[in-house]
Amino acid sequence: MLDRNAIVRHNLLRWLEDDNLPQSVLDVSLAEAGLTDCQLVDLFETQVMSRHLDLQSRQMQKQGKSFYTIGSAGHEGNAAIAAALRIDDMAFLHYRSGAFAIQRSKQKPGTTPLYDMLLSFAASSEDPISGGRHKVIGSHELFIPPQTSTIASHLPKAMGAAYSIGLSKKLNTATKLPDDAVVVCSFGDASANHSTAQGAINAACWASFQSIPMPLIFICEDNGIGISTATPQGWIHANFANRAGLEYRYCDGLNLLDTYRTAKQAADWVRKRRKPLFLHVRTVRLLGHAGSDSEFAYRSQAAIEAAERQDPIAYSASLLLNNKAMTAGQIAELYLQLESRIARISDVAAARPKLTNPAQIKASIVPPRREPPDVVAIETAQRDSLFAHEKHNLAKPQHLAKLINWALLDLMAQYKEIVMCGEDIGRKGGVYNVTAKLCEKFGSSRVINTLLDEQSILGMGIGMAHNGLLPIPEIQFLAYVHNAEDQIRGEAATLPFFSNGQYANPMVIRIAGLAYQKGFGGHFHNDNSFAVFRDIPGLILACPSNGADAVEMLRECVRLAREEQRLVVFLEPIALYMKKDLHEEGDNLWSFPYVPPADAKPIALGEPGVYGSGKDLCIISYGNGYYLSRQAEKQLAEQGIQCTVIDLRWLAPLNQSAILQQVADHQQVLIVDECRQTASISEALVTMLSEHPAGIHNIQRVCAQDCFIPLGSASYEVLPKTQDIVNAALNMLNKTIREAS
């Protein structure tokens, strides 16, 4: 088989010798582009650097020194786009943006992009962006958050970051991006078809259509193919050239002059008008999709060679010759010098230290603590005004929904960087009135009604966090998060890990969920599975069962996000929102007084709630299960059985030491889990208890059936009931008595 790497490497030199360089059909002069001879030479140097990094990466892979060879060959024209932008225009880049990153680094003296990128190729622990955790293009000092194998998942957060610029200016909060910055986001023509891309572009247009500032450049680098599937000719133009709220521009990415001119005009247009723009860039893909990709399996040799004839570096060489900026000899010399230089740097980078143990690797899962913005002191008169509509209720015990609402009122008054976003959370106050009056008190810029798209809601939160805001996005129902879970799993949670703690996505995601809800039905409104969150490293999952806990846990969640940059999911049990009574109507035992911030009683991360001190049985639960367990505890006590009931409260990460400490004096443990028997948290608890050296082996579970939740009263047939808990407890105790006798 032909070595396409070698052919692509030698094409330029051969074409220079034969005086057979391709010529651009566009006749753009240096003056028309706004570039000088020196600037054109500089861009060409960047392109050649990027190309040799790609080629060297493949050599390193053959030697076992590099592990991920998807490259930028054919897309090197994006160097001109980088040159047209400022260094503080945050850039969310896809994996073919090597030239962009190199060119941007030239705007900051002292950077070493070649060495840095080769360290990343070699997975060295000295890689300045990921610390050896992945080959990524990124730099904190260059405003390039790192991305891994991005298939459009970065577009929603780019949209959110762009939106945050105008919002932060309006709110007068401390920001990381200048007021006149723009955000850029690059992706391929194949990725443009992804629902995530479509949603983010639609969200940007939706905002722009309403004259909401959205200074964002979508850069579609169109090489006509996605791995092996061709993009229909004209597809990108047909889809994006006439979108409401979206400006469209096109340039030939093989021509540096046209690319720079168009990108500069685009950047100036967006910077001035604060509206989104779609920059359609013609490119070509060389060397296949990645190092392991054999193009001969799906493309003819003629097609491959035709692509190679479109090499952007060859086009740039012809521009240099035509403008007399360099001679053919100088071009060849530069090309070979950079090849040799990058090979030498590669040898050094490949020998640098690697990650060698789990502690090193996991060190950046949890981001470092930071100095949070100042807390706004709330005067008594201000707080009286804030709660004026509730003055007759403040002294009365309240249910969960009301207490969460009051906690949010206080938190938003304390922390001006908090911004809430979600469907119907504004004037309506959400489906369950949990956000009632917040928009009235703090305005529509801090309590934002979004379009109906969970990917955009979460991406908006991620992007706002990039610019120093503290987002509290709301997902209306737990089942809806599955439309967008990759924004949590693949984007927000991984960012500290792949940036070695330099970037983080501090936020508190509020989600109404779990089962037992009356009035609604079906699994979309009664989803009893949160397994999607439990295996995400670094994510915190909080689930209060009552209003008193919810207030203090929500405050702790905000503290964790503000001070420790943590990503938090706050799961609110819908069926308990309006619950006031525990055992009988009117007992008011599930209503609690509101504790103002000055008298807060913090509930630390991982701290469980404990009710009772009985030694006969320990019941472990959370959410609705804890509520039912408290009912069962009373019935068991009436039969002379004394129980301790533990409310986990924090479901991820599980606080193993605290849980084991609480069950230490019990020989029998009953776990009540409202989620399904398979893949529920009860499985983790059983494993934890049984594997411990002083393990408890008399463990039983009461779980929901492995079934989706049906409509109406039938839903209760597949969920744990109070009587199920009582029966399980009695069976356990009776079995113990029988065995003892």
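Trainee: Is F187 buried or exposed?

Mentor: F187 counts as buried because its relative accessibility is 1%, where buried means under 20% relative accessible area, exposed over 50% and partly exposed in between, with a 1.4 Å probe and protein chains only. Keep in mind that this is a predicted model, in which local features need pLDDT of at least 70 and side-chain atom pairs count only at pLDDT 80 or more, while totals for chains, interfaces and linings use all residues. Residues are numbered from 1 along each chain as its sequence is written, and side-chain values use heavy atoms, leaving out hydrogens and water.

Trainee: And how many aromatic pairs are there?

Mentor: The count is 16 aromatic pairs, taking rings of Phe, Tyr and Trp (its six-membered ring) with centres within 6.5 Å, and calling planes under 30 degrees apart stacked, over 60 edge-to-face and the rest tilted. One of them joins F187 and F218, whose ring centres are 6.4 Å apart with planes at 75 degrees, so this pair is edge-to-face.

Trainee: Which cluster do ring pairs link F187 into?

Mentor: Ring pairs connect F187, F218, F240, Y248 and F278 into a cluster.

Trainee: Changing topic, which side chain makes a polar contact with the side chain of Q668?

Mentor: That is the side chain of N698, at 2.9 Å; a polar contact is a pair of N or O atoms within 3.5 Å, where within protein one must be able to donate a hydrogen and the other to accept it, and residues adjacent in sequence count only if both atoms are side-chain atoms. Q668 itself counts as buried, because its relative accessibility is 8%.
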